[in-house]
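Hello,

Here is the structure I promised to hand over, with my notes below it.

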4 protein chains.
Amino acid sequence: MTTASLIITGCNLIDGTGAFADRPMTIWIDKGRFGGIWPDGQREVPVKDIRAIDGRGKHVIPGLINSNVHLLDGIMMMGHGGVEYLARFEGRYHEVIEEAAQIALKAGMTTVFDTWNALEPVKLARKRINEGRVAGARIFCAGNIVGMGGPFSGDFCLECRPTMSKTFADRSDKLFEAGVGRRLSALPPEEVRAIVRDYLTKEIDFLKFAISDHIVIGPSYQSLGPIGPYLTFSERVQRIIVEETRRAGLPVVTHTTSVESLQSAIDLEVDAMMHCTITGQVPIPQSTLEDMVRKCVWGEIQPSTEKYQKALDKKGGRWAKSAGGVHRENAIRLIQADGPILMGTDAGCTDPDILAELSEEELDERSFTLGKDHLNWFVAMSQMGMKPMAMLLAATRDVAKAYGKLDDLGTIEVGKIADLLILNGNPLQDLKAYANIDTIVKDGLIVDHQALPTKQVVTKSRFWCDDPSLVES
Amino acid sequence: MTTASLIITGCNLIDGTGAFADRPMTIWIDKGRFGGIWPDGQREVPVKDIRAIDGRGKHVIPGLINSNVHLLDGIMMMGHGGVEYLARFEGRYHEVIEEAAQIALKAGMTTVFDTWNALEPVKLARKRINEGRVAGARIFCAGNIVGMGGPFSGDFCLECRPTMSKTFADRSDKLFEAGVGRRLSALPPEEVRAIVRDYLTKEIDFLKFAISDHIVIGPSYQSLGPIGPYLTFSERVQRIIVEETRRAGLPVVTHTTSVESLQSAIDLEVDAMMHCTITGQVPIPQSTLEDMVRKCVWGEIQPSTEKYQKALDKKGGRWAKSAGGVHRENAIRLIQADGPILMGTDAGCTDPDILAELSEEELDERSFTLGKDHLNWFVAMSQMGMKPMAMLLAATRDVAKAYGKLDDLGTIEVGKIADLLILNGNPLQDLKAYANIDTIVKDGLIVDHQALPTKQVVTKSRFWCDDPSLVES
Amino acid sequence: MTTASLIITGCNLIDGTGAFADRPMTIWIDKGRFGGIWPDGQREVPVKDIRAIDGRGKHVIPGLINSNVHLLDGIMMMGHGGVEYLARFEGRYHEVIEEAAQIALKAGMTTVFDTWNALEPVKLARKRINEGRVAGARIFCAGNIVGMGGPFSGDFCLECRPTMSKTFADRSDKLFEAGVGRRLSALPPEEVRAIVRDYLTKEIDFLKFAISDHIVIGPSYQSLGPIGPYLTFSERVQRIIVEETRRAGLPVVTHTTSVESLQSAIDLEVDAMMHCTITGQVPIPQSTLEDMVRKCVWGEIQPSTEKYQKALDKKGGRWAKSAGGVHRENAIRLIQADGPILMGTDAGCTDPDILAELSEEELDERSFTLGKDHLNWFVAMSQMGMKPMAMLLAATRDVAKAYGKLDDLGTIEVGKIADLLILNGNPLQDLKAYANIDTIVKDGLIVDHQALPTKQVVTKSRFWCDDPSLVES
Amino acid sequence: MTTASLIITGCNLIDGTGAFADRPMTIWIDKGRFGGIWPDGQREVPVKDIRAIDGRGKHVIPGLINSNVHLLDGIMMMGHGGVEYLARFEGRYHEVIEEAAQIALKAGMTTVFDTWNALEPVKLARKRINEGRVAGARIFCAGNIVGMGGPFSGDFCLECRPTMSKTFADRSDKLFEAGVGRRLSALPPEEVRAIVRDYLTKEIDFLKFAISDHIVIGPSYQSLGPIGPYLTFSERVQRIIVEETRRAGLPVVTHTTSVESLQSAIDLEVDAMMHCTITGQVPIPQSTLEDMVRKCVWGEIQPSTEKYQKALDKKGGRWAKSAGGVHRENAIRLIQADGPILMGTDAGCTDPDILAELSEEELDERSFTLGKDHLNWFVAMSQMGMKPMAMLLAATRDVAKAYGKLDDLGTIEVGKIADLLILNGNPLQDLKAYANIDTIVKDGLIVDHQALPTKQVVTKSRFWCDDPSLVES
C-alpha cells in the first residue's frame with residue numbers, strides 16, 4: 001500500500017507558503033522527503049520504479065498540523081467520566097494515544113502537538129509511531145503542563161476522590177504530574193529551576209507551563225459564576241522556566257486564562273500561547289493585543305461554530321463560556337488585526353460513553369472530538385472572518401514555524417519531509433474539501449487511511465463480555 | 001495432576017455428619033463420587049489403575065461450603081472504589097469471578113453460594129467451571145437480590161454518579177439489576193409476581209430477595225449515626241415472592257437488616273437468612289430468636305474477630321457497627337441457643353488498590369477478603385463460644401442442607417460428589433489446621449491448588465504499561 | 001374592628017352542605033357560633049347592639065379548610081435552603097408559624113391542618129392563636145410524621161450535614177423528630193407501640209404516620225431517575241399504630257408514596273391519606289381505587305395547574321414528577337370516580353430567598369406558596385374535571401368530616417363555629433372569586449385581614465442591618 | 001463606673017518601650033490621655049476631684065493590641081458551620097462584632113486590627129464603639145482582603161452552595177467582597193487600580209490584599225494532601241495596589257501563603273504580613289528571612305501551643321499543618337533571628353455549636369477563640385523561645401508601630417491615649433499574669449470588664465424558643 005518513491009502529476013498545488021500555483025504541478029517524493037516540485041512536463045521523472053498518482057482535478061496541500069491536542073482525552077478529566085476512563089484503560093494508555101493519533105491521521109492531520117498528557121505513555125506511543133511499528137500522526141509532546149496537578153487534583157477533578165481509592169488516585173496523579181505538578185507553585189525560585197532543568201532531560205519535544213490556573217470547578221459546581229483565575233508562578237519564576245527551556249534548546253509554550261497571564265506570556269516572547277483568547281471573559285486590553293501582533297507571539301484559538309455555541313448557550317454552564325461572549329470578541333479582534341493565529345483544538349479521543357450523553361447537534365459540532373475538531377475550527381474561524389488562505393497556513397506552516405519545525409514540516413518545499421494531502425476539492429473555496437480526502441502521504445508513504453484506526457481501544461462498543469464467542473449457546 | 005479413581009488410606013475422617021471416626025479410614029472415590037468408605041483394611045480396593053494417597057497422620061473433612069459470597073466484590077460497591085473497579089474489568093467480569101472462585105477453591109472452599117452478583121457474568125463463569133474449562137469452586141448463584149438497585153443506585157453508591165458518565169452508570173445498574181431492581185418495591189403485587197416468575201426462568205440456582213433495605217449511605221456520610229432500615233416489600237408481596245420461588249422448586253433466601261424484617265423471614269420459613277444478626281443495632285426479640293430455632297430457619301452470621309473488631313472500633317463509622325455492639329450480642333445469643341447457623345462472609349475478590357489503604361491488622365483479620373474469610377469466621381465464632389464440630393458442620397453439611405443440596409454435597413458419604421480436604425492437622429483441635437491443606441479434591445479430582453489462580457485479573461500489580469517489554473530500551 | 005354579635009343580610013349563601021340557597025339569606029352570628037340562618041325578612045333580628053353587614057350581591061361560603069399544610073415550610077427542607085431557614089429562625093419558629101397562619105387566614109383559610117412540623121413550636125403557635133393573643137388560622141397539628149427523620153436526616157436533606165455543625169444538625173433533628181423519628185422503623189412492634197402511646201399524650205390533634213418513605217434524594221441527585229419507595233413499617237406495626245391512635249380517640253392520617261402503601265392505608269381505613277395520587281409514577285390499580293371510593297377513605301390531592309406543570313416539565317427533575325405524568329392520571333381517575341377528595345397543598349411560608357430563584361411563572365402558579373396554594377388547587381382540579389361544588393366541599397365540609405371536626409366546622413349551620421368568607425363573586429361560577437374576599441369571619445369575629453401578617457418574620461426584606469436607623473449618617 | 005481623671009500610684013510599670021521602671025510609679029490620666037508619669041511622690045497630683053487607684057503590688061502594662069482578628073469568625077467560614085452562622089446573625093452582624101470586641105476588651109485587648117470582615121457591619125460597630133454607644137475594644141478595620149472572594153466562593157466554602165439558596169449565597173458574597181473580590185485577579189492592571197482607588201475612599205483604616213490564595217478546600221476534602229498555593233496578583237498589579245494605598249496614606253498589609261508570595265511582600269516593604277510563617281510547608285529561604293529582618297517588615301505569627309499541636313496532629317488534616325511542621329520551624333528561625341514579630345491570632349467569636357464539637361483540650365488551647373487567643377499565643381511563642389519582654393512588645397508597641405499608630409497607642413507615655421491594664425502579677429515572670437486582670441483602662445476610663453459582654457448575641461445558649469416565658473404553663 002506504500003511505496004518508496006512517488007510522483008504526483010497534474011495537481012493544483014497549495015504548497016503552504018501562501019502561494020497558489022497557477023498551473024498543474026508535479027511533485028516528486030523520494031526517501032520520505034520532497035525531491036522536486038515543478039510545473040507539469042517541465043522536467044523528467046528522475047527515477048524508475050516509481051509509483052505515480054494522477055492528480056488531475058485534485059488539490060494538494062501540506063499535511064495538516066494541530067498545535068494543541070490531548071491524545072488521552074483531557075477534556076473529560078475536567079469533569080465527570082475521568083475515573084472510569086483512566087481505570088478502564090490503565091496499562092494501555094499508549095494504545096489509547098495511538099488510536100487517537102490514527103484518528104487524527106485519518107482526518108488529515110499528519111502531525112500533532114500534544115500539549116498535555118501522561119508523559120511516559122505519550123513517549124511510548126511517539127516512539128512506536130516514529131519507528132513505524134504502528135500507524136499514526138507524528139507526535140510531538142510536552143508531557144505535563146509544568147505547575148499543574150494531575151487528573152484528581154484541584155486542577156482537574158478533585159471531586160472524584162471521595163468515591164475513589166486513594167491508591168489509584170495518587171498513582172494517576174503521579175503519572176500525569178511527572179514530577180512537575182502543582183507543588184512547584186509553592187517552591188522557591190531556585191528549587192523550581194532545578195526541577196525544570198531535570199524535566200527538560202526527559203525527552204520532551206517542547207515545554208509547556210501554566211502561567212495561570214485551570215479555572216476548574218468540579219461537576220457539582222458547573223453552574224457557578226465566573227471565577228477569577230490565579231497565577232501559578234511569579235514573574236521571577238516564569239523567567240526562570242523560560243530561561244531553562246531556551247538553554248535546553250526547546251520551544252516553550254504557555255497555558256494562560258487571564259489577560260494578565262497573557263500579557264506575561266507576550267512579555268516573555270514564548271513560542272506559542274494555548275487558547276490565548278480565553279481570559280476569564282475579560283476583554284484583552286488593546287495594548288496587549290498590539291504587543292502580541294507586533295512581537296508575533298503565536299496564539300492558538302479554540303473557537304466554536306455558531307451552531308455549537310448556540311447549543312452550549314442553551315445548556316449554560318462553564319462550557320458555554322469557553323468560546324463564547326468576550327472570548328469570541330477577543331478572537332474576532334485578533335483575526336481583524338491579522339494576528340499570529342494557530343489552529344488547535346484541545347481535542348482527544350473522547351469516550352463513547354460520554355459522547356452518548358450529547359445531543360446530535362453537539363456531536364457534530366463539538367470541537368473536542370478528534371478527527372472533526374479541525375473541520376469545525378475552519379468553519380468557526382471562517383464565521384468570525386478569517387480568510388481561507390490564512391486558515392490553511394494557521395493549520396500547516398505557522399504551527400511548524402511557532403514550534404521551530406519549519407526546516408522539516410509545514411510546507412511542500414524541496415527537502416522537507418513529505419507530508420501532504422490530496423483533496424478532491426479546493427479547500428480555499430469550500431471548507432468541506434478538507435474532509436474529502438483522496439490520499440494521505442506521510443513521510444513520503446501513502447497512508448491506508450481507510451483502515452484506521454487499526455485497533456479500537458477507546459471507540460469499540462461495550463457489552464458485558466468482551467468476547468462474544470463465550471456468550472451464546 | 002488429576003486422576004479418575006482415587007483412594008485415600010489411613011486417614012482420620014471427620015465426615016461432616018457430626019461423627020468422628022475412631023479408627024483410620026479408607027475412602028474410595030470413583031467417577032467423581034464417593035464409591036466407598038471403610039475402616040482401613042476392612043475391604044479390598046475395588047479397582048485397578050487407581051491413584052492412592054497415604055492419609056496417615058492427616059485429617060479428612062468435606063470440602064468447605066461458603067453460604068454467602070460475592071465473587072465480584074460487593075463490599076467495595078457500597079463505598080469508594082466501585083467506579084474504578086467496574087470500569088477496569090468491564091467486559092471481563094466473568095474472569096474476575098473465575099479468579100475469585102479459584103482463590104476460594106485454593107483455600108478449601110469447594111462450593112460457594114454467590115448471593116449477589118451480575119447475573120450473566122456469574123452464569124458464564126459457573127458454566128465454564130462446571131464444564132471444566134477453567135478451575136474454580138463450584139458456584140451456585142442468585143444473580144441480583146430481588147428488590148435491590150444496582151451499584152450506582154441508592155442501594156449502593158449513588159454518590160458516584162456526579163463524577164461518572166450516565167451511560168456507564170446506567171449500563172452497570174441495568175446489568176446488575178437484571179430486571180428485578182429497586183423499582184419492584186413501587187409496583188403492585190401482581191406485577192411483582194409476573195416479574196419474579198420471569199426471573200425464575202433465568203437459570204438461577206436460588207432466589208434471594210430483600211425484605212429490608214441496604215442501609216447504605218455513601219462515602220461522605222459514613223460517620224453519620226444509625227439510620228432506621230426500611231422494608232422493601234410488604235408482607236403481601238413477600239408471600240408472593242416466596243410462593244413463586246417454591247413453585248419453581250428453588251430455595252429462597254433473604255436479605256434483612258432489622259428485627260422486623262427478620263421476623264418476617266422466619267414467618268415465611270425461608271431456606272436461609274443472610275447476616276441474620278444485623279438488625280440495626282436492635283436486640284433480636286427473644287420470641288423471634290426462639291421462633292428461628294424452633295422452626296430451624298438457617299441464619300448466616302458474619303462475625304468479626306476480636307482483633308478486627310478492635311481495629312474497626314478505633315476507626316469508627318458504619319463498618320464498626322456491622323458486626324459489633326448489639327449485633328455481636330445477637331450472635332452470641334444465637335450460638336448459646338444452639339441456633340441454626342451457617343458460615344458465610346460476603347467476601348469477594350477485593351481490588352488491591354483498596355487493600356493498599358488498609359492497615360496490616362485489617363488486612364489479616366478482614367472478613368471480606370476471600371480465601372482468608374472463612375478462617376477468620378472460625379476464629380471469630382470460636383471467640384463467641386461456638387463449638388469446633390458445630391462450626392465445621394456450619395461450613396459444610398448445614399449449608400448444603402439449607403440450600404437443598406444435601407443429596408450431593410456437604411458430607412463424605414457414599415454416593416455424594418467427592419469434594420474433600422486432606423488437612424495436615426486436626427481442625428477440631430486447632431483452627432489453624434483449616435489453613436494447612438495437603439490436598440484438595442473436588443468432583444473426585446485432585447486440584448492443583450498451588451497453581452491457583454491460573455490467571456490474575458484483579459490481583460496483578462499495576463504499572464503504567466501492561467506490557468513491560470514495551471517500556472525498556 | 002370586631003364585634004360580638006353579627007348579622008349578614010341579603011347574601012347568596014353556599015353553606016357547604018352541598019345546597020345552594022335560592023333566595024337572599026340572613027346569617028346571625030352570636031358568641032362565636034352561628035345563631036340562626038333564614039331567608040331574608042323571615043325572622044326578626046334576635047338582639048340589639050348588633051353589627052350588621054349588607055350582604056347583597058355577595059356570596060357567603062364557609063371558611064376554607066386546608067387539610068395539609070406545613071406552616072414551617074417543609075418543602076424547602078427537602079432540598080437546598082433548609083440550613084439557612086432553620087438557623088435564621090431558630091428560637092422563633094413559633095413566630096414563623098404564626099406568620100404563616102396569618103397568611104393563610106388572610107387568604108380565606110380559617111382552619112389549617114398542619115401535618116408535619118416541629119411539635120413544640122407549632123403547639124405554642126396554636127395556643128397563642130387559640131387564646132386570641134395573635135391572629136391566625138385555626139391550627140390543628142400532628143407534630144412529626146411518625147417514622148420520619150428530621151430535616152437533616154436521610155428523609156430530608158442529609159447532604160446538608162457536611163457543611164453544618166453537628167450540634168445544630170442534631171438539635172434540629174431532635175426537635176422535629178419529637179421522639180418518633182426514623183429510628184422507629186428499626187424497632188420491634190411492642191416498642192413502637194409504647195413510643196406511639198407516649199407520643200399520643202403530647203397534645204397533638206391527630207396522628208400522622210409514614211407507611212412508605214419520603215423518596216428524597218438531596219440536591220445533587222435531583223436529576224436521577226425514579227427511585228422505588230420503601231415501606232417504613234410492616235403491616236403488623238401499621239396496625240399497632242392505628243390501634244393506639246383510635247384508642248386515644250384521635251384521627252389518623254398517612255404519608256404514602258406507592259401503590260402498595262396506599263393499599264395498606266385503605267385496608268386500615270385511616271381517616272385521610274395525604275398526596276394519595278403520588279405513587280412513584282405507577283398507576284393506582286383499579287381495585288385499589290375502587291376500594292378507596294367504596295370505603296370512602298379520604299385522599300388529599302396535590303395537583304399542578306397546566307401552566308405550572310409545563311414550567312416544571314421544562315426544568316425536569318423530581319418536582320416535575322411530583323404532580324405530573326401518571327400521578328396526574330391517578331388524580332383524573334379519582335375525580336372521574338367521584339372519589340373522596342380533600343383540598344391540601346403541603347404549602348408553607350417559603351423563604352423569599354428561595355422564591356427569588358423562581359421564574360415569574362413558577363411564582364404565580366407554584367402550589368407550595370401559602371396563600372396562593374388553594375387558588376392554584378382550584379384551578380388545577382378544575383382543569384382535570386372536578387366540579388365547582390365538589391371542589392368547594394373538598395375545601396370545607398369534607399376536610400372537617402375526614403378529621404372528625406364536622407360538629408364544629410366545615411359548614412354554615414346553626415350551632416357551628418362561625419367561620420365564613422364573604423366573597424365579591426360567585427366561586428361556583430368563577431374560581432377567581434375565591435381570591436376576591438370582602439370579609440373574613442373567624443370564630444364569629446371579623447378579621448382585619450388587610451393588616452395581616454401583623455409581624456413579618458419570614459417575609460420581610462433583608463439587608464445587612466436589621467435596623468436601618470443605625471446605618472445612615 | 002468610669003471617671004474623667006484618674007491616678008494610679010505605687011505600681012510596677014512596664015511601659016511598653018522596652019524599659020522596666022525600677023521603682024514604684026505614679027500614672028496620671030486626664031481627658032483620656034496620659035497626663036504624666038513619675039516615680040511615686042516625685043510630683044503633686046495635678047488636679048482635684050480625681051479617682052485614685054492604689055497600684056501597690058500590681059503591674060501596669062499598655063493595653064494589649066491584637067494585630068489580626070476577624071471579629072465575625074472567619075475561621076468558621078473556611079469549613080463547616082458557615083451557612084448557619086451567617087444566616088443566624090444576618091442583619092445583626094454588627095452586634096456579633098460588638099460582642100466580639102467586648103470579649104476582646106474583657107481579656108485586656110484594648111485595640112484590635114480586624115483584617116477581614118464584612119465591611120459595612122464592621123464599620124458600624126467601629127463607629128458605635130468609638131462614639132461610646134457600646135463598649136468594646138477599639139477597632140481598626142480593612143473590610144475585605146483585596147482579591148479574595150466571599151464566604152461562599154472558592155476562597156472559603158464553595159461546597160456550601162449546593163444546599164443553599166443562591167440568593168443568600170450571592171448576597172453574602174457581595175457583602176463580604178465589598179467590590180474587591182476574587183474577580184480582581186482576572187482584570188487588567190489599570191482596572192484593578194481604579195477599583196482599589198475607589199475602595200480606599202470607603203473609610204477603611206488600612207488595606208489588606210492577597211498576594212497568594214487561601215489554600216482552602218471545603219469540608220469533604222480536608223484530608224487531601226498539601227495543595228500548592230497560587231498567586232492572586234502579578235507583581236505588576238501588586239505594585240499598583242501598594243502604590244495606591246501609600247498615596248491614600250494608609251498602611252498596607254498582606255495575606256501570603258507561600259515563600260514566593262512572602263518574598264514579594266518583603267520586596268514591596270509592606271507594613272505587616274499576616275501569618276508570615278505559613279508557607280505551604282516549605283521552609284522560608286534563608287535569604288528571604290534575612291531580607292525580612294533587615295528591612296524590618298513586620299510579620300504576624302500564629303503559633304500553636306505544644307499541647308494544642310499535639311491534639312491537632314492526632315486528628316490530622318489541614319489544621320494540623322497550619323502551625324505545625326515546617327511552619328513551626330519557620331517561626332522558631334524567625335524568633336532566633338530576632339525578627340520583627342507581631343502578636344495576632346485570626347481569632348473571632350466562634351459559634352458555640354462549633355465549640356461543642358471540640359474536645360476539652362482543644363477548647364482550652366485553641367488559638368482561634370477570642371479572649372483566650374493571646375494567652376495561648378504567649379505560651380506558644382514562649383515554648384518556641386521568644387523572650388517575655390519581646391512578646392509584650394509584640395503585643396503592644398510593635399503592632400502600633402507596624403500600623404502607624406505609635407503616636408497614639410502602644411506604650412504608656414505622656415500624651416498618648418490612656419489604654420492600660422493593671423495586672424495582679426508580673427507578666428514578664430509568669431504568663432498567667434496576663435489573664436489575672438485587676439483593672440482595664442481604655443481611653444482613660446475604667447472598663448467594667450466583669451459586665452462584658454453586655455449583650456450575648458453569639459454566645460447565648462439555644463433553645464427552641466428564644467423567650468422562655470412563652471413556653472411554660
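To begin with pairing: two strands count as paired if DSSP finds at least two bridges between them. Helices (H or I, at least four residues) and strands (E, at least two) are DSSP runs, numbered from the N terminus. Please keep in mind that this is a predicted model, in which local features need pLDDT of at least 70, side-chain atom pairs count only at pLDDT 80 or more, and totals for chains, interfaces and linings use all residues. Residues are numbered from 1 along each chain as its sequence is written, while chains are lettered from A and ligands numbered from 1 in the order in which they are written.

**A sheet in chain C**

With that pairing rule, strand 7 (residues 109–114) of chain C and strand 8 of chain C pair in the parallel sense over 4 bridges. Across this pair, Thr111(C) stands opposite Arg138(C) in strand 8 of chain C. Angles are taken between N-to-C directions and run from 0 to 180 degrees, with axes as lines fitted to C-alpha atoms, for helices over the stretch in contact. Helix 2 (residues 93–106) of chain C packs on the sheet and touches strand 6, strand 7 and strand 8 of chain C, its direction making about 135° with that of strand 7 of chain C. Helix 3 (residues 119–130) of chain C also packs on the sheet, touching strand 7 and strand 8 of chain C, at about 150° to the direction of strand 8 of chain C.

The sheet as a whole is open, with 3 strands of chain C in the order 6-7-8 and parallel pairing. Its edge strands, each pairing on one side only, are strand 6 (64–69) and strand 8 (138–141) of chain C. From one strand to the next, the twist averages 20°.

**Chains B and C together**

Which residues make the contact? Chain C gives 32 residues and chain B gives 32 residues. On the side of chain C that touches chain B, helix 6 (235–247) and helix 7 (259–267) of chain C each supply at least two residues. The largest share of that side, 3 residues, comes from helix 7 of chain C. By type, the residues of the side of chain C that touches chain B are 17 nonpolar, 9 polar and 6 charged (Ala, Val, Leu, Ile, Met, Phe, Trp, Tyr, Cys and Pro count as nonpolar, Asp, Glu, Lys and Arg as charged, and the others, Gly among them, as polar).

**Chain A as a whole**

Chain A has 16 helices and 16 strands. Its radius of gyration is 22 Å, close to the 23 Å that the globule rule gives for 473 residues, so chain A is as compact as a globular protein of that length. That radius is taken over C-alpha atoms, and the rule is 2.2 Å times the number of residues to the power 0.38. The C-alpha trace of chain A spans about 70 × 65 × 45 Å along its principal axes.

**Some individual residues**

A residue is buried if 20 or more other C-beta atoms lie within 10 Å of its own, exposed if 12 or fewer, and partly exposed in between, with C-beta atoms placed from the backbone. Val146(D) lies in the loop between strand 8 (138–141) and helix 4 (166–177) of chain D, and counts as buried with 29 C-beta neighbours inside 10 Å.

Most residues other than glycine have a negative phi, and most peptide bonds are trans. Asp346(B) has a positive phi of about 65° and is buried, with 22 C-beta neighbours inside 10 Å. Glu203(C) has a positive phi near 65°, but is exposed, with 11 other C-beta atoms within 10 Å. The peptide bond from Leu452(B) to Pro453(B) is cis, with omega near -10°.

Best wishes

Terms used: Two residues are in contact if their C-beta atoms, placed from the backbone, lie within 7 Å.
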